[in-house]
Amino acid sequence: MTDRSLETRHDVERHFHDHKAKSRPDSDPHDFYAAGGLDEVWRAYLTQVGPLEGKTILDFGCGEGWAAAEYARRGATVHSFDISVESVRKVKGPVIHPAVMAAEHLGYRAGSFDLVLGVGILHHTELPFVRREIARVLRRGGRALFMEPLAHNPLLRAFRKLTPGRRTPTEQPMTMRQIAEFTQEFGWTDFRGYQLVSILPQGVLWVTGSRSLFRAGLRLSEAMDGWLLPRLPALQRYCWSAIIEVRK
Ligand SMILES: C[S@@+](CC[C@H](N)C(=O)[O-])C[C@H]1O[C@@H](n2cnc3c(N)ncnc32)[C@H](O)[C@@H]1O
């Protein structure tokens, strides 16, 4: 990738997310995120992250800072950055240090962080640059955990084709190959898929807009995933979300 094409990619991302941050809060009843569709993965993510008291962490691609606020509430000193100026403007909190920067060229010193944490961000970035930067800013023995969407489920691929306006043209859900490349240079890695059967209630919400129907479907389907995925781990690649962990 040339400097010019990286710049173009950054412009597209910045413009899209600046616009989103400036527009009013979304009260769309069909909105999967607002209806709690990612809550289960987020809980699993926080459990895997573990205690944050006294840790210095980097919220990687922080958006408007909702996760940074949670990390700070749990006792961490949080540095956070995003490429969107308007998003970073909304990040608030006494122990949160927000900055505007690109993930591919971080302005932090080597070995600065115990933990690098990112939600829905790797798949917006140039992975070879980002992998190098994460390895640089983590202290030895430090961990990085990311919660990311996966590319392989045919139903989700169809849904994404039908709803292009919901995301930037430059983002790409992650393939297993990209994940393998991203993780290979770290000393230790872990991959877990979430939301296989439990993508189906998303369709119910999209069509009906009924949150109660959606939540009932979600409870049932999450229980099914909880049974199925540990028994058939090969199905994890078809999940919607994954938690990817690396250790330096
Ligand atoms: C799906 S949002 C996730 C934001 C936040 N982590 C959250 O969960 O709300 C993706 C974010 O990545 C940011 N972004 C995209 N490309 C970036 C890059 N190259 N460097 C830094 N941030 C970037 C966008 O501005 C946007 O805020």
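Okay, let's start with a helix pair: Trp 42, Tyr 45 and Leu 46 in H2 meet Trp 66, Ala 67, Glu 70 and Tyr 71 in H3. Sorted by class, that contact has six nonpolar residues, no polar ones and one charged. Before I go on, keep in mind that this is a predicted model.

So, how do those two helices sit? H2 covers residues 39–49 and H3 covers residues 66–73, and their axes come within 13 Å and cross at roughly 40 degrees. H2 and H3 are therefore oblique to each other. As for the hand, H2 passes H3 in a right-handed crossing.

Which residues come nearest to it? There are 20 residues around the ligand, and the nearest are Gly 61, Trp 66, Asp 82, Ala 103 and Val 119. For Trp 66, an N or O atom of the side chain is 2.8 Å from an oxygen atom of the ligand. Gly 61 uses its backbone instead: a polar backbone atom there is 2.7 Å from a nitrogen atom of the ligand. And then there's His 10, with a polar side-chain atom 3.4 Å from a ligand nitrogen atom.

Okay, back to helices. Next up is H5, residues 127–137, with H7, residues 176–183. They pack at an angle of about 35 degrees, and their axes are 10 Å apart. The crossing of H5 and H7 is right-handed. Who makes the contact? On the H5 side you have Leu 127, Val 130, Arg 131 and Ile 134, and on the H7 side Gln 178, Glu 181 and Phe 182. By class, that gives four nonpolar, one polar and two charged residues.

Last pair: H6, residues 154–162, and H8, residues 200–208. Here the axes come within 11 Å and cross at roughly 30 degrees, which makes H6 roughly parallel to H8. Left-handed or right-handed, this crossing of H6 and H8? Left-handed. H6 brings Leu 155, Leu 156, Phe 159 and Leu 162 to the contact, while H8 brings Leu 200, Gln 202 and Trp 206. Count those by class and you get six nonpolar, one polar and no charged residues.

Key. Residues are numbered from 1 along each chain as its sequence is written. This is a predicted model: local features need pLDDT of at least 70, side-chain atom pairs count only at pLDDT 80 or more; totals for chains, interfaces and linings use all residues. Side-chain values use heavy atoms; hydrogens and water are left out. Axes are lines fitted to C-alpha atoms, for helices over the stretch in contact, and angles run from 0 to 180 degrees between N-to-C directions. Helices (H or I, at least four residues) and strands (E, at least two) are DSSP runs, numbered from the N terminus. Angles under 35 degrees count as roughly parallel, over 145 as roughly antiparallel, 65 to 115 as roughly perpendicular and the rest as oblique. A crossing is left-handed if the near helix is turned anticlockwise from the far one by less than a right angle, and right-handed if clockwise. Contact means heavy atoms within 4.5 Å. Ala, Val, Leu, Ile, Met, Phe, Trp, Tyr, Cys and Pro count as nonpolar, Asp, Glu, Lys and Arg as charged, and the others, Gly among them, as polar. A residue is near a molecule or strand if one of its heavy atoms lies within 4 Å of it. A polar contact is a pair of N or O atoms within 3.5 Å; within protein, one must be able to donate a hydrogen and the other to accept it, and residues adjacent in sequence count only if both atoms are side-chain atoms.
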